[in-house]
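Here is a short briefing on charged pairs and helix packing. Look over the sequence and the structure before you read on.

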Amino acid sequence: MAERSSIFDMIGPVMIGPSSSHTAGVVRIARAAVKVLGGIPDEATVTFYNSFARTYEGHGSDKAIIAGLLNYKTDDIRIKQAFELAEEAGLKYTFKSIGSAGTYHPNTIKLNLTKGERKVEVIGESLGGGVINISKVNGFTANISAALHTLIITAKDTQGSIAFISNIISNDKANIATMSVSRKGKNDIACLAIEMDTGLKTISLEYLKNLDWVIDVIYIPDIDM
């Protein structure tokens, strides 16, 4: 087999780059974060942990994460020009690396993103084969794959709120696949991360956003769409 002249010469339907963990998974983590933010960021601080901290430049994870922040898909040939295209788009970014963080998965990335007045923090793990886990969103445990229709609701820790939200989802004939509930403390702020087999109606999302005990609603269709 002929030797490839560049680590980004592999172009196919799944990924561009040397490995699915270092490119496809990284792109998908960034695209999930863009959905959480609500658009391409103005500024991004990217922190690579553990094995990523040692390999992100040589394996192309740096280009992959910027391409994802530009909302490019895993098979987009523009990944190779991600740095130049980010400059054209006005995306400012900073890379950091922490080589030893025992509590994190070996392939972990933290994204601190800003768009206008909105700021988010997303921590993602690249599990191999392009599969990812978004472990935290804004400090709350999430554990979502972003491969399903996903609803992330930040709200007051109100009695009966989970049942209420589940009923709205049920009325839209959307089956819940996974649910993660995280809260700062009793009767404080809670976060629900819900993955569903099908999506919600726009009217249902607007209804949830207008509930007085709901602080924020993020809806993410399959990020590969």
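Asp 157 counts as buried, because its relative accessibility is 19% (buried means under 20% relative accessible area, exposed over 50%, partly exposed in between, with a 1.4 Å probe and protein chains only). This is a predicted model, where local features need pLDDT of at least 70, side-chain atom pairs count only at pLDDT 80 or more, and totals for chains, interfaces and linings use all residues. Residues are numbered from 1 along each chain as its sequence is written, and side-chain values use heavy atoms, with hydrogens and water left out.

**Salt bridges**

- Side chains of opposite charge can pair when their charged atoms come close.
- The structure holds four salt bridges (a side-chain nitrogen of Lys or Arg within 4 Å of a carboxyl oxygen of Asp or Glu).
- Asp 157 pairs with Arg 183 in a salt bridge, at 2.7 Å from N to O.
- This pair links distant parts of the chain, 26 residues apart: Asp 157 is in the loop between strand S7 (149-156) and helix H5 (161-171), and Arg 183 is in strand S8 (residues 176-183).
- Helices (H or I, at least four residues) and strands (E, at least two) are DSSP runs, numbered from the N terminus.
- Arg 183 is partly exposed, at 46% relative accessible area.
- Another salt bridge joins Asp 216 and Arg 118, with the closest N and O atoms 3.2 Å apart.
- Here too, distant parts of the chain are linked: Asp 216 sits in strand S10 (residues 214-220) and Arg 118 in strand S4 (residues 118-128), 98 residues apart.
- Arg 118 is partly exposed, with 29% relative accessibility.

- Glu 206 forms a salt bridge with Lys 209, and their closest N and O atoms are 3.6 Å apart.
- Both residues lie in helix H6 (residues 202-209), three residues apart, which is about one turn of the helix.
- Glu 206 is partly exposed at 38%, and Lys 209 is partly exposed at 43%.

**Helix packing**

- Two packed helices are described by the angle between their axes and the distance between the axes.
- The axes of helix H3 (residues 61-69) and helix H4 (residues 82-89) come within 9 Å and cross at roughly 35 degrees (axes are lines fitted to C-alpha atoms, for helices over the stretch in contact, and angles run from 0 to 180 degrees between N-to-C directions).
- In H3, Asp 62, Lys 63, Ile 66 and Ala 67 meet Ala 82, Phe 83 and Ala 86 of H4 (contact means heavy atoms within 4.5 Å).
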